[in-house]
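Thanks for making the time, everyone. I would like to walk through one model this morning, starting with its backbone and ending with its pocket.

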Amino acid sequence: MRAVEIQEYGGPEVLRVVEAEVPVPGPGQVSIDVAYAGVNFADLKARADGYRVPALPFVPGLEVSGRVRALGAGVTGLAVGQEVAALTQGGAYADVVVADAVTVFPLPPGVDLRTGATLPTVLPTAYALIHTVGRLQPGETVLVQGAAGGVGTVLGQLASAAGAGAVYGVVSSAAKAEYARGHGYDEVFITSSTAPSFAKEVRGATDGRGVDLALDPVGGETLRASLDSLAPFGRLVSFGNASGAQPWQVGQPDLYPLALSVSGFSILTLAQTSPTELRTLTERAFQTVVDGVVSLPVTAEFALPDTAEAHRLMGTRTSTGKLLLRAHDTDGATELA
């Protein structure tokens, strides 16, 4: 089978298609014939910096859709040939991948394999940020960093559907702002990640009050500006550190004056520490797609041999929506939006 492997850390050019043995599922695992694999920023960090890479060589990829190929010992509730989506610990950039059965989810009726590949990381993450960790209440206001990305696209729709009083987004370009406005955002601010300046704009848009919930995957100075954008009793949820900045610490002097709270979320960590909670969360999140509450546009699709091009596109920070790899024999990239 084919697999896209990194043998050293570096730019997109280190991604190489190799021939590999077909993996066999162990106890409690499932092997999947991959139809599509999602491309995530965490994959770029794995390739460049070794993020969550146990050892080299390594096959990146955290989410797939496909059909169950084989079941490991003790696996119940799944069947060979069944269409599924799965969250993996790596290895998704391949023709076949192995995943723990607890993070393999049958596709709901009406959800095809292409759509299914957009769901495993993005949708449960967004659902948790709005409903489980963020605990958004009707009428509250929300601020989202990276509003035009995969998670940001879903967050705007979920927040709007949950009855948010206003949904504000932060992006890096006018094109991204236009895209975000079409996916649940009432107002979008354009700013630089190296010098975030959106806090003043947020105060202006909210008559000086600030927002009730801020969702931040960037970290660093952007995280600090998100905290500065909160209203009294506001909540900040950190769900990534795309900036690569040193982890920032918040203390009592930051929180006491306005009774603020700060929390965090990582779907990959939850998959390791509490897979049962992840499964419940994911089932609820998938239902929002079935109900037509949210959709995540696939804006570009690449054949497996063109994985480096997918990484280059995401690395420019100009992409919107979701990027997919397809494990088909069709070559070339398809720009869809």
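This is a predicted model: local features need pLDDT of at least 70, side-chain atom pairs count only at pLDDT 80 or more; totals for chains, interfaces and linings use all residues.

Residues are numbered from 1 along each chain as its sequence is written, and side-chain values use heavy atoms, with hydrogens and water left out.

On that scale Arg52 is partly exposed, at a relative accessible area of 34%, and it sits in the loop between H1 and S4, where helices (H or I, at least four residues) and strands (E, at least two) are DSSP runs numbered from the N terminus. Arg52 has a positive phi of about 55° although it is not a glycine. That loop also holds Pro57, and the peptide bond leading from Leu56 to Pro57 is cis, with omega near -5°. As background, most residues other than glycine have a negative phi, and most peptide bonds are trans. A positive phi, of about 60°, is found at Arg317 too, in the loop between helix H11 (307-315) and strand S15 (322-326).

Turning to helix H5, residues 174-181, which of its residues are buried? They are Lys176, Ala177, Tyr179 and Ala180, and because they cover an arc of only 160° around the axis, they fall on the same side of H5, the arc being that of the directions from the helix axis to the C-beta atoms. Ala174, Ala175 and Glu178, on the other side of H5, are exposed.

Next, the interior. A nonpolar core is a set of buried Ala, Val, Leu, Ile, Met, Phe, Trp, Tyr and Cys residues joined through side-chain atoms within 4.5 Å. The largest one has 56 residues, of which Leu155, Leu215 and Phe265 touch the most other members, and its largest share, seven residues, comes from H3.

Finally, the largest pocket has a volume of about 1300 Å³. A pocket here is an open set of points on a 1 Å grid, where a 1.4 Å probe fits, with protein on both sides within 12 Å along at least five of seven lines, and lining residues have an atom within 4 Å of a point. Of the 45 lining residues, Phe41, Gly146, Pro217, Phe239 and Ala242 are the closest to its centre.

How values were computed:
Grid points are joined across faces, edges and corners, and a volume is the space filled by probe spheres set on the points. Buried means under 20% relative accessible area, exposed over 50%, partly exposed in between (1.4 Å probe, protein chains only).
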